[in-house]
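Trainee: Please put the model on the screen, and let us go through it by question and answer.

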Amino acid sequence: MYTQCPACLTTFKVTPAQLEVHGGMVRCGICSAVFHAEQRLLQEKPNSNQAEAVLSQEPEATKKDKSRRSGKSRRRSGRRRIDKLRTIDEKLAQEAGIPIVTKQPLFAKPRLRSSFLLWGFGSLTLLMLLAGQFVYFYRNELATIPTWRPYLVDICLYTGCKLQPLRDVGRIELLQTSIAPHPQYENALRIRATLVNRAAFRQDYPWMEVSLTSNAGNVIARRTFSPIQYSETPLEGVLTPNVVATALLDVINPEGKAVGYEIRLVTH
């Protein structure tokens, strides 16, 4: 059901519970006027044309009132009296516990708060989109942070993106190397090496670059081995932290002039 404030003609929705609180007396949330809501009940929701018609009558009424008054001082005193009475009504209404009908005024002007909320929601959405794009394009760099990687893995599982595996060849240590003539072929050498991953995470096997040097220190042969070519045992896919792996590398000794060698761990 609906009721209409006799002072400002604003129409409100009211409930039976609001009417029962103080015998039907309510206070307008727009102009603070106290009125008997049951005596101003409207059984049907008035349309906007009727409201405009009602509102259009106000200037005429105002003109009539103005014509009855003489002089500016009289109008000012009348306004002061109305404000004073309104203040008294508000105070009495608050003390009496008269409910305020402010919810869903049918013809009240829309408040600016909704526009601020809309702008806030739009700005928040744009910021979230910007943050999502940043995380997507820099996910591999962010995944190098140990505390962030589990969350990025979950995000990629949901979105279908891929993360590059963690890689730090500098944390792979060559523990021991040895070189000896090849047991089957002349002018060939066999190098054995053991390596261990000192990083806190699992990572792919490195590639191994072997250089042979002459008496003068010049490089006379160089070859790079892939993990499949040097691993003595079937590869388990990645190097587990602090687990030793072995390598076996066969290299040609040009004219038997090699007197030194060097092994470097590199990425492919």
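Mentor: T267 lies in the segment after β12, where strands (E, at least two residues) and helices (H or I, at least four) are DSSP runs numbered from the N terminus. This is a predicted model, in which local features need pLDDT of at least 70 and side-chain atom pairs count only at pLDDT 80 or more, while totals for chains, interfaces and linings use all residues. Residues are numbered from 1 along each chain as its sequence is written, and side-chain values use heavy atoms, with hydrogens and water left out.

Trainee: Leaving aside neighbours within four places in sequence, which residues is T267 in contact with?

Mentor: Contact means heavy atoms within 4.5 Å. T267 and D168 are 99 residues apart in sequence, yet their C-alpha atoms are 9.1 Å apart in space. With neighbours within four places set aside, the contacts of T267 are R167 and V169.

Trainee: Is T267 buried, partly exposed or exposed?

Mentor: Buried means under 20% relative accessible area, exposed over 50%, and partly exposed in between, with a 1.4 Å probe and protein chains only. The relative accessible area of T267 is 46%. T267 is therefore partly exposed.

Trainee: What share of the contacts in the protein chain between residues at least 6 apart in sequence joins residues at least 24 apart?

Mentor: The protein chain has seven helices and 12 strands. Of its 268 residues, 27% are buried. Among contacts between residues at least 6 apart in sequence, the share that joins residues at least 24 apart is 62%.

Trainee: Which residues have the most contacts inside the largest nonpolar core?

Mentor: A nonpolar core is a set of buried Ala, Val, Leu, Ile, Met, Phe, Trp, Tyr and Cys residues joined through side-chain atoms within 4.5 Å. The largest one has 21 residues, and those with the most contacts inside it are M208, V210, Y230, A247, L249 and V251.

Trainee: Which strands each supply at least two residues of this core?

Mentor: V251 gives one set of contacts to start from: leaving aside neighbours within four places in sequence, it touches A188, L189, I191, V210, L212 and F225. The strands that each supply at least two residues of the core are β8 (188-197), β9 (207-213), β10 (219-225), β11 (244-252) and β12 (260-266).

Trainee: In what order do the three strands of the open sheet lie?

Mentor: Two strands pair if DSSP finds at least two bridges between them. Strand β1 (residues 2-4) pairs with β2 over three bridges in the antiparallel sense, and Y2 stands opposite K13 in β2. The edge strands, each pairing on one side only, are β2 (11-13) and β5 (41-42). The pairing is antiparallel, and the order is β2-β1-β5.

Trainee: Which cysteines form a disulfide?

Mentor: A disulfide is a pair of cysteine sulfur atoms within 2.5 Å, and the count comes to one. The sulfur of C8 is 3.6 Å from the closest cysteine sulfur, in C28, which is too far for a bond. The pair whose sulfur atoms are 2.2 Å apart, and which forms the disulfide, is C156 and C161.

Trainee: What is the handedness of the link of C156 and C161?

Mentor: C156 is buried at 9% relative accessible area, and C161 is buried at 15%. The angle about the S-S bond is -95 degrees, and the link is left-handed.

Trainee: How many degrees lie between the planes of Y136 and F137?

Mentor: Rings of Phe, Tyr and Trp (its six-membered ring) pair if their centres lie within 6.5 Å; planes under 30 degrees apart count as stacked, over 60 as edge-to-face and the rest as tilted. The whole structure has two aromatic pairs. One is F134 and Y138, tilted at 35 degrees with centres 5.1 Å apart. The other, Y136 and F137, is edge-to-face with centres 5.3 Å apart, and the angle between its planes is 85 degrees.

Trainee: What is the phi of N242, which is not a glycine?

Mentor: N242 is found in the loop between α7 (227-230) and β11. N242 is exposed, with a relative accessible area of 54%. Its phi is positive, at about 65 degrees.
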